[in-house]
Amino acid sequence: MTKEPLGTVIARGVFERCPSCGQGKLFQSYLKPVNSCAVCGEQLGHIRADDGPAWLTILLTGHILAPFLLAIAPNNAWPDWVSMTVWPGAALLLALAILPRTKGIFIGLIWRAGSIGSEKQP
Ligand SMILES: [Zn+2]
């Protein structure tokens with residue numbers, strides 16, 4: 001069995017697709033991976049990404065929002081309640097949008113590494 005290229009596996013994770021075939025859906029709900037791919041049958045449900053996706057999501061959310069915050073916040077006259085609603089709200093929405101994609105990336109990378117996953121006995 002040949003391994004898919006690293007970039008391909010990462011791209012499939014970003015688009016929440018099976019790391020093996022790129023066609024089947026990776027998640028059956030927001031963050032719950034399918035047990036096996038509906039297209040190619042690859043077993044994916046045993047792979048646990050743990051805290052990796054949360055770490056990458058926080059890293060990306062901060063780096064995406066920080067420039068906007070630094071550019072906009074010092075020069076605007078927003079009332080405090082607006083600032084305290086807009087910035088945390090933007091961070092929350094961005095994190096919710098990014099999290100399944102980073103989880104897809106981590107599942108793909110773990111799958112590509114050939115890890116058995118923490119839920120499957122060797
Ligand atoms: Zn598949």
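Visitor: Where does G108 lie?
Guide: G108 sits in helix α3. Helices here are DSSP runs of H or I with at least four residues, strands are E runs of at least two, and both are numbered from the N terminus.

Visitor: And what is G108 in contact with?
Guide: Setting aside neighbours within four places in sequence, G108 is in contact with V9 and P19. Contact means heavy atoms within 4.5 Å. As for A38, it is 70 residues from G108 in sequence and 16 Å away in space, C-alpha to C-alpha.

Visitor: Before we go on, what should I know about the model?
Guide: It's a predicted model: local features need pLDDT of at least 70, side-chain atom pairs count only at pLDDT 80 or more, and totals for chains, interfaces and linings use all residues. Residues are numbered from 1 along each chain as its sequence is written, and side-chain values use heavy atoms, with hydrogens and water left out.

Visitor: OK, big picture. How many helices and strands are there?
Guide: The protein chain has three helices and zero strands. Reading from the N terminus, the order is α-α-α.

Visitor: What about the radius of gyration?
Guide: The protein chain has 18 Å, while a compact globule of 122 residues would be near 14 Å. That value is taken over C-alpha atoms, and the globule rule is 2.2 Å times the number of residues to the power 0.38. Along the principal axes, the C-alpha atoms fill a box of roughly 60 × 25 × 25 Å.

Visitor: How many of the residues count as buried?
Guide: 32% of the 122 residues do.

Visitor: New topic: the metal. What are the protein donors of the zinc ion?
Guide: C18, C21, C37 and C40, each through its SG atom, at 2.2 to 2.4 Å from the zinc ion. Donors are N, O and S atoms within 2.8 Å of the metal, or 3.2 Å for Na, K and Ca; water is not among the atoms, so sites may look incomplete.

Visitor: How are those donor residues spaced in sequence?
Guide: The pattern is C-x2-C-x15-C-x2-C. C18 and C37 both lie in the loop between α1 (6–14) and α2 (52–72), so the pair ties together parts that are 19 residues apart in sequence.

Visitor: Are C18 and C37 buried or exposed?
Guide: C18 is buried at 0% relative accessible area, and C37 is buried at 4%.

Visitor: What's the geometry of the zinc site?
Guide: Tetrahedral, with angles of 107 to 115 degrees among the four donor atoms. Four donors count as tetrahedral if all angles lie between 85 and 135 degrees.

Visitor: What is S20 in contact with?
Guide: Leaving out neighbours within four places in sequence, S20 is in contact with E4, R12, C40, E42 and W111. S20 lies in the loop between α1 and α2 and is buried, at 17%.

Visitor: What is the phi of E16?
Guide: E16 has a positive phi of about 60 degrees, although it is not a glycine. Most residues other than glycine have a negative phi. E16 is partly exposed at 22%, in the loop between α1 and α2.

Visitor: And the phi of D50?
Guide: D50's phi is positive too, about 55 degrees, and D50 is not a glycine either. D50 is exposed, at 63% relative accessibility.

Visitor: Last one: what is R101 in contact with?
Guide: Beyond neighbours within four places in sequence, R101 is in contact with G13, V14 and E16. R101 is in helix α3 and partly exposed, at 35%.

Note on methods. Tetrahedral: all angles 85-135°; square planar, octahedral: opposite > 155°, others 65-115°. Buried < 20%, exposed > 50% of the residue type's maximum accessible area, 1.4 Å probe, protein only.
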